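Good morning, colleagues. Please look at the structure on the screen, and I will take you through a few of its features.

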Amino acid sequence: MTNDGGPLLVRPATPADGVACAAIYRPYVEDASISFELAAPSAAEMASRIAGTQARTPWLVVEQDGAVRAYAYGTRHRDRPAYDWTVETTVYVDPVHTRRGLGRAAMTGLLEILRLQGFHLAVAGITAPNPASVALHLALGFRRVGEFEAMGWKSGAWHGVEWFALELGPREPAPSPIRALADALAEWDVRRAGRADR
């Protein structure tokens with residue numbers, strides 16, 4: 001995949017990517033209300049989050065010109081067992097490199113892996129207003145399902161959160177257990193190699 005820079009490499013994150021992911025995320029915490037965190041996590045904390053997330057669900061980074069420019073990951077939506085087939089998705093792009101297809105590349109890879117794992121529903125909460133993120137999710141097939149108004153208080157104001165959802169597959173009468181991430185990643189690699197050979 002390419003855009004106005006060099007080729008894009010989408011790959012699973014490692015804890016070593018904590019430095020880059022923390023740097024990408026920091027402005028969204030410190031300079032905006034897009035994230036409801038109040039203190040930007042350190043590189044070490046981000047590395048721990050990457051490792052913890054990948055115990056069950058993917059965390060991908062997008063490299064361009066040898067540098068990580070974006071990332072996306074999936075997490076458990078809620079803890080009760082009936083929610084096992086629902087995954088909450090998150091994507092962040094380096095603010096200096098927006099509008100270049102990086103977020104779409106990250107999310108496309110993420111959704112492919114989540115489908116291979118057997119998740120049924122992907123959901124995303126977007127702090128309003130965020131037209132760029134809304135446009136990305138709609139382009140990926142998500143639909144807006146509603147908004148919780150005044151859901152978070154940050155920077156001296158209330159902020160609403162718009163919710164989007166994407167069914168990743170048909171509504172099976174009885175869904176199969178979620179596949180291990182390692183198995184889904186192995187299949188994803190094979191499928192990507194097949195596409196590259198065409």
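Phe-36, Phe-148 and Met-151 together make a nonpolar surface patch of about 300 Å² in this predicted model. Phe-36 comes from the loop that links helix H1 (18–30) with helix H2 (43–53).

Seven strands form an open sheet with mixed pairing, in the order E1-E2-E3-E4-E5-E7-E6. Its edges are strand E1 (8–12) and strand E6 (143–154); each has a single partner strand, so one side of each lacks a neighbour in the sheet. On average, neighbouring strands are turned by 25° against each other, direction ignored. Within the sheet, strand E3 (residues 67–76) and strand E4 (residues 86–93) run antiparallel and are joined by seven bridges. In this pair, Ala-70 stands opposite Val-93 of E4.

Helix H4 (residues 131–139) lies across E4, strand E5 (121–127) and strand E7 (157–167), and runs at about 165° to E5.

Finally, the backbone. Most residues other than glycine have a negative phi, and most peptide bonds are trans. Between Ala-128 and Pro-129, however, the peptide bond is cis, with omega at about -5°; Pro-129 belongs to the loop between E5 and H4. Asp-65, in the loop between strand E2 (59–64) and E3, has a positive phi near 55°, and counts as exposed at 60% relative accessibility. Ser-155, in the loop between E6 and E7, also has a positive phi, of about 55°, and is exposed with a relative accessible area of 64%.

Conventions:
Residues numbered from 1 in each chain as written. Predicted model: local features only at pLDDT ≥ 70, side-chain atom pairs only at ≥ 80, totals over all residues. Heavy atoms only, no water. Patch = residues over 30% accessible without salt bridge, like charges linked within 9 Å, V, L, I, M, F, W, Y side chains within 5 Å. Areas by Shrake-Rupley, 256 points an atom, 1.4 Å probe, with all protein chains shown as cover. Salt bridge = Lys/Arg side-chain N within 4 Å of Asp/Glu carboxyl O. Helix = DSSP H or I, 4+ residues; strand = E, 2+ residues; numbered from the N terminus. Pairing = 2+ DSSP bridges. Axes fitted to C-alpha atoms, helices over the stretch in contact; angles between N-to-C directions. Contact = heavy atoms within 4.5 Å. Buried < 20%, exposed > 50% of the residue type's maximum accessible area, 1.4 Å probe, protein only.
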